[in-house]
Each structure stands twice: as C-alpha cells, then as structure tokens.
Amino acid sequence: MTTALHHMAKQLMRAGLAICLVLCLMLTANGSANAAEVQLSGNYVDDTVNVAHSLQDAIALPSDDEGYSAAQEEAHDLSYNYIARYRPRSKVNNLQSFTTMQTALNSLAGHYNNFANRPLPEALQNRITKELAKAEQTVLRGR
C-alpha cells in the first residue's frame, strides 16, 4: 500500500512540476515580449506605418520625460526587429519606402548605440522625422 501511495505521489509531483515549468515558460515568453515584437504583424505596409508612428512619438519625447529611456529602448528594439524582418525579403528590400525607412532607422540606431546618454540632436530628430514621414507616404503609394 505504501509503495502504491509513494508511486502515486511521485507521479503527482512530476505532473505538478511539468505544469509549473510550462507556466514559467509561458510567463517568461509573455513577459519578455516587448512592444517591438507585438507591433510587427508581418504586413509590410501596416508595419511600416506603425513603426514610423511609434518612432515619431518616441523621438518627440523630451529627454527629461520619465518615460524617455524606456521609449528609447523600445524604439531601438522596434527598429532592429523591423529591419530583421524585412531586410531578407527581396520583394520588400528593393522598395523605395524600405530604403528610406532603413536610412531613418540606421540613423536613429547609430545615435542610440553611440550616444545613449545624450538626447537626440534637433537636426537629427528633424531629419529622421522627415524620413519616417516620407517612408510612410511612399509605402502607402505602393512603392
């Protein structure tokens, strides 16, 4: 009788451990999913428009805003994920909208990588904003 109880307890512990591991993996995966991963849908036009809007909002934040560093980090991640998703696609990476978007994202990422503690200079902010707007207009025209 004790062996049967011992065997049953062992099986229950294994099942409980398996359930705990699955829950931990699910929570870790959901907890680490940032806005960059959530915003990319796989639709090039929608993603380009959404990324452009998100980045315009992020770079418009003043450097003394309490959400500035989080917005900067999300913008960097969003840029990286966007380029990683669309650069390998030959139907997309030859489009004018993609090259314009890539130029803006590279400029922004370059600043964040090299001058993480400094706010975006006004001239660079204006240039990136114009490039993002141009990429958005171009992608909506189908180019």
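I take axes as lines fitted to C-alpha atoms, for helices over the stretch in contact, with angles from 0 to 180 degrees between N-to-C directions. Helices are DSSP runs of H or I with at least four residues, numbered from the N terminus.

The model is predicted, so I note that local features need pLDDT of at least 70 and side-chain atom pairs pLDDT 80 or more, while totals for chains, interfaces and linings use all residues. Residues are numbered from 1 along each chain as its sequence is written, and side-chain values use heavy atoms, without hydrogens and water.

**Helix pair.** I looked up α4 (residues 68-86) and α6 (residues 96-114): their axes come within 10 Å and cross at roughly 140°. That makes the pair oblique (under 35 degrees is roughly parallel, over 145 roughly antiparallel, 65 to 115 roughly perpendicular, the rest oblique). I list the contact (heavy atoms within 4.5 Å) as Q72, A75, H76, S79, Y82, I83 and Y86 of α4 with F98, M101, Q102, L105, L108, A109, Y112 and N113 of α6.

**Core.** Of its 27 residues, V51, L55, Y82, M101 and L108 touch the most other members. The largest share, 7 residues, comes from α3. Beyond four places in sequence, I find V51 in contact with L40, L78, Y82, M101 and L105.

**T100.** I found T100 in α6. T100 counts as buried because its relative accessibility is 11% (buried is under 20% relative accessible area, exposed over 50%, partly exposed in between, with a 1.4 Å probe and protein chains only). Leaving out residues up to four places away in sequence, T100 touches E131, K134 and A135.

Terms used
Helix = DSSP H or I, 4+ residues; strand = E, 2+ residues; numbered from the N terminus. Core = buried A, V, L, I, M, F, W, Y, C linked by side-chain atoms within 4.5 Å.
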